[in-house]
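Here's a quick tour for anyone meeting this structure for the first time. Take a look at the sequence and the 3D view, then read on.

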Amino acid sequence: MRYSREHKQETHDRIVRKASVRLREKGAHGIGVADLMKEAGLTHGGFYAHFDSREALVIEAFGYAMDRSMEHWRKITGEAAPDKRLALIAEAYLSALHRDNPGHGCSIPALGAEIARESPKTRKAFAGKLDEMIELMADYIPNLPRKAARKQAIATLATMAGTMLLARIAGSSELSDEVLKAGKDSALDVTKRESKAAAAKKAKPS
């Protein structure tokens, strides 16, 4: 039976969506192709009609996941003042909800350590999406020159992702909550300084 191009693309997208969740939950090598295909309602044999290799699926899946993270950031900051957006992202990111739902969260703390040991092709693809995240965060630091805003975005994202990784290592415990709070306080200190800089700039006579 021949399927339309649209049906094939829908199936392809369904596999990517399922894989993006399971890879973040189980790790880059924590679930096999057969199980991923089964969860998508397909047979193992159909995999290579959609992907050249498992690596190709992994690249698409984490790319999809990182795109969804950035889409979420845009959504929660859409109506906020420019100097408040970074704080909103940090609040949502460094939450117990995010900690306890890795399958629907950021790929960096979920997969970053494993991606660092993958092939150059996989690392390059991940780095490209990481750079997009950094650029988006830099857009939310409006009161610094672009180079300085990018530097601050990198530091803030590193704080957020590192905090989430440590919080998950500690599990749902008092230590985990303590880690989340410390990381959030650190990230929000940065955003408060940005807000103060914005206020001072507005108050300064032209």
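## The main pocket

A pocket here is an open set of grid points with protein on both sides within 12 Å along at least five of seven lines, and a residue lines it if it has an atom within 4 Å of a point. Keep in mind that this is a predicted model.

With that settled, the largest pocket comes out at about 390 Å³ in volume. Its lining is made of 21 residues, and those nearest the centre are His72, His98, His104, Gly105 and Cys106. Four elements each supply two or more lining residues: α1 (5-26), α3 (54-77), α4 (85-93) and α5 (96-99). Sorted by class, the lining holds nine nonpolar, nine polar and three charged residues.

## Ser107, tucked away

Is Ser107 buried or exposed? Ser107 is buried, as its relative accessible area is 0%. You'll find Ser107 in helix α6, which covers residues 107-115.

Who does Ser107 touch? Setting aside neighbours within four places in sequence, Ser107 is in contact with Arg24, Phe62, Ala65, Met66, Gly112 and Phe126.

## Where α7 meets α8

Next, follow helix α7 (residues 120-139) and helix α8 (residues 146-169): their axes come within 8 Å and cross at roughly 115°. This crossing of α7 and α8 is right-handed.

On the α7 side, the contact includes Leu130, Met133 and Ile134, while α8 brings in Ala153, Leu157 and Met160, among others. Taken together, the residues in the α7–α8 contact split into ten nonpolar, one polar and five charged.

Key
Residues numbered from 1 in each chain as written. Predicted model: local features only at pLDDT ≥ 70, side-chain atom pairs only at ≥ 80, totals over all residues. Heavy atoms only, no water. 1 Å grid on protein atoms, 1.4 Å probe; cavity = no way out; pocket = protein on both sides within 12 Å on 5 of 7 lines; lining within 4 Å. Points joined across faces, edges and corners; volume = space filled by probe spheres on them. Nonpolar A, V, L, I, M, F, W, Y, C, P; charged D, E, K, R; others polar. Buried < 20%, exposed > 50% of the residue type's maximum accessible area, 1.4 Å probe, protein only. Contact = heavy atoms within 4.5 Å. Axes fitted to C-alpha atoms, helices over the stretch in contact; angles between N-to-C directions. Left-handed = near helix turned anticlockwise from the far one by under 90°.
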